[in-house]
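Let us take a walk through this structure together, one part at a time. Have the sequence and the 3D view open as you read.

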Amino acid sequence: MKLLEINNIKKSFDDLEVLKDISISVEEGEVVSILGPSGSGKSTLLRCATMLETMDAGTLMYCGEKAVTDVSGKAVYAPKESLRRIQNYFGLVFQNFNLFPHYTVLKNIIDAPVHILKRDKKEVTEEAMSLLRQMGIEDKADYYPCQLSGGQQQRVAIARALAMKPKILFFDEPTSALDPELTSEILKVLRLLASQKMTMVIVTHEIEFARNVSDRVIFMDEGYIVEQGRPEDVIDNPENDRVRAFLAKVKG
Amino acid sequence: MKKKPLIAVIIFASLLIPAMLSSCGVSGGDGGAIGWFFGVIVQLSSGMWASLELFALTLIFSMPLGLLICFLRRSRFKAIELVAKFYISVMRGTPLMLQLLVVYFGPYFLFRMPLSTEYRFYAAIIGFALNYAAYFAEIYRSGIEAVPEGQYEAAKVLGYSRQQTFVKIVFPQMVRHILPPVTNEIITLVKDTSLAFAIAFVEMFTLAKQISAADSNIMPLFVAGLFYYIFNLVVSFVMGKIEKKMNYYSR
C-alpha cells in the first residue's frame, strides 16, 4: 500500500525555483533516503510533504487521502478538517530537535497524544516510557531538554514523533547538528526503527548509513530527482555524472 | 537567603534618614527628628495608599490590555495591524501627562460631561492603563518573537491548533523572555504614578510637595523619594523571585 504519493510538485521562493517537478511514492515499510548537495531542494521537499511549506503545484496524498490536489496547475489544499486528520498520518523529526524547552522529556512526548489525540494519560505514559527505554534514556524522563546532550535530545524528539503513532516518519537531516559520536547513537535508533518496519523518509548526508539502511535512495539536484534506485546501484554505481561527482567528494 | 540584605537596607535607610535630617538641623518640635519623620509619613500615608491603588489597578488593567494590543499588532490583517501600530506610536510618542489631561478633560470638551472628583480617579487609571498597555504590548511582542520558528513547526506537525500552540508552547516561553523588561516597566510605573498630579489626583508625591511648601522644607520630598525607593526594592525582590522560579529550564 502506498502511504505517501507526491506527484509533480513545484515550489518557488520568490524567483527561485527550488522544486521543479518531483514525484515520489513511498510504500508501507519502506525506508527511503534522500541525498543531494545543499540547495538541491531536499529539505524543501520534506517541508512541502509535511505541509510546513505550501507547494505551488502538484498533488500530495497520504494513505490514499488527498491533502493537495492539482487544479489546472495550481495546488489546492483540502479543507482544514481533512488536513487535521491527514496530519496524524505522518511525523517529522527536525535537524535541531525543536523540543519544547519548558516541558520535561516525558511531557514533551505525552502532551500531544493526551491533548490532541485525547488518549488516556496513563496508557500514553506507559507507551512513552517504553519508547524511552527503547531509546536507552528511560532515566531521563523527568529531565528538561536543556539538561540532555544533543543525541539524547534527538532521541527524545524521535520518541515524541513515534508517540503519535504515525504511519510514516520523516527525518530532516537528523544528525547534522550532532558530532560523530552522537550521530552514531541516532543512526542506531534509526536502524532499530527500520528493523521494526517503520516507514521512513530520511534526508541525510550520511552516505554509509543510507547505503546500509535504506531500501531506496533518491538523489536530488537543482530541484529534480536525478537518480533513484537500490542503494547499491545509486551509491556504488551511479549512472548520473552529477551523482558521481557528489559522491566522490563526500566519500573523500 | 536573599531576604536579609533587603531588610537590612530598609532598616538602614529608616535609621539613616532621620539621622541625616537631624544633622541638617531639621526638627519637628517636640518629637525630635524621628518624631518629625514619622509625622511626615503619617501625613503622606493617604497619598501612599492612592499611589499604591493607582499602581496596582494600572498593572491589573494594562497587562491584559497589552496582550490584546499585541495580538492586534501581530494581526494578519494589515488594517488592524496599522491601527495597533498607530495606537502604540501615539501612546509612546506623547507625554503621559498630556494623555492624562486628554482622558480627564476630553469627556468635558467633547460631551460637556461635568468633571467629578470621582472621575479624576478613574481618569488616572484609564490614562495610565492605556499608556502602559502600549509599552507592554511591545514587550510581549518581543517575547513572542524570541520564540524560535521551530517551536511553531514542531507544534504544527504534532497537530496542535494555533490557539493550543500559543497557550501551551509560546506563552510560557514568552513569559520567561519578558520578565526583565517587564520588571523595568513596573519600576518605571511606580515612579510615574507621581505624574497623576497633572489632573490634580492627590497621590503621595503631590502631598509631599504640599507639605514641603507649607513647611518651607525640602525634606518631605526626600521622604517621598525613600518611599518610591523602598517600593521598588520590593518590586525588584518579587520579580527576582518570579524570574528565578521561571528559570527551571534554560536554553
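Predicted model: local features only at pLDDT ≥ 70, side-chain atom pairs only at ≥ 80, totals over all residues.

The predictor gives the complex an ipTM of 0.93 together with a pTM of 0.87. For chain B, the mean pLDDT is 87, and 87% of the residues in that chain reach 70 or more.

Five strands of chain A make up an open sheet, and their order across it is 2-1-4-5-6, with antiparallel pairing. Which strands stand at the edges? They are strand 2 (16–27) and strand 6 (74–77) of chain A; each has a single partner strand, so one side of each is left without a neighbour in the sheet. As you step from one strand to the next, the twist averages 20 degrees. Helix 2 of chain A, residues 80–87, packs on this sheet and touches strand 4 (57–62), strand 5 (65–71) and strand 6 of chain A. The direction of helix 2 makes about 125 degrees with that of strand 5 of chain A.

Now follow strand 1 of chain A, which covers residues 2–13. Eight bridges join strand 1 to strand 2 of chain A, and the two run antiparallel. You can find this pairing in the view by looking for A:I9, which stands opposite A:I22 in strand 2 of chain A. Another place to look is A:I6, whose bridge partner in strand 2 of chain A is A:I24. Strands 1 and 2 of chain A form a hairpin with two residues between them, and in the turn A:D14 has a positive phi of about 50 degrees. Strand 1 of chain A is also joined to strand 4 of chain A, by five bridges, and this pair runs antiparallel. Here A:K10 has A:A57 in strand 4 of chain A as its bridge partner.

Next, turn to helix 1 of chain A, residues 42–49. This helix is mostly covered, with seven of its eight residues buried. The buried residues are A:K42, A:T44, A:L45, A:L46, A:R47, A:C48 and A:A49. Just after helix 1 of chain A comes A:M51, which takes a positive phi of about 65 degrees.

Why point out a positive phi? Most residues other than glycine have a negative phi. A:F97 is not a glycine, yet it has a positive phi of about 65 degrees. You will find A:F97 in the loop between strand 7 (90–93) and helix 3 (105–115) of chain A. Is A:F97 buried or exposed? A:F97 counts as buried because it has 23 C-beta neighbours inside 10 Å, and the cut-off for buried is 20 or more.

Chain B is built from nine helices and zero strands. Read along the sequence, the pattern of chain B is α-α-α-α-α-α-α-α-α. Of the 251 residues in chain B, buried residues make up 29%. Among contacts in chain B between residues at least 6 apart in sequence, 70% join residues at least 24 apart.

Two helices of chain B show how such elements meet. The axes of helix 3 (residues 78–93) and helix 5 (residues 117–145) of chain B come within 9 Å and cross at roughly 115 degrees. The crossing of helix 3 past helix 5 of chain B is left-handed. From helix 3 of chain B, B:Y87, B:I88, B:M91 and B:R92 meet B:L130, B:N131, B:A134, B:Y135, B:A137 and B:E138 in helix 5 of chain B. The residues of this contact divide into seven nonpolar, one polar and two charged.

Chain B, too, has a residue with a positive phi: B:A200, at about 60 degrees, is not a glycine. B:A200 is found in the loop between helix 7 and helix 8 (204–215) of chain B. B:A200 counts as exposed because it has 11 C-beta neighbours inside 10 Å, where the cut-off for exposed is 12 or fewer.

Finally, look at where the two chains touch. The contact takes 18 residues from chain A and 15 residues from chain B. On the side of chain B that touches chain A, the elements giving two or more residues are helix 6 (149–158) and helix 7 (162–192) of chain B. Helix 6 of chain B gives the most to that side, with seven residues. By type, the residues on that side of chain B divide into seven nonpolar, five polar and three charged.

How values were computed: Residues numbered from 1 in each chain as written. Chains lettered and ligands numbered in written order. Pairing = 2+ DSSP bridges. Helix = DSSP H or I, 4+ residues; strand = E, 2+ residues; numbered from the N terminus. Axes fitted to C-alpha atoms, helices over the stretch in contact; angles between N-to-C directions. Contact = placed C-beta atoms within 7 Å. Nonpolar A, V, L, I, M, F, W, Y, C, P; charged D, E, K, R; others polar. Left-handed = near helix turned anticlockwise from the far one by under 90°. pLDDT = per-residue confidence, 0-100.
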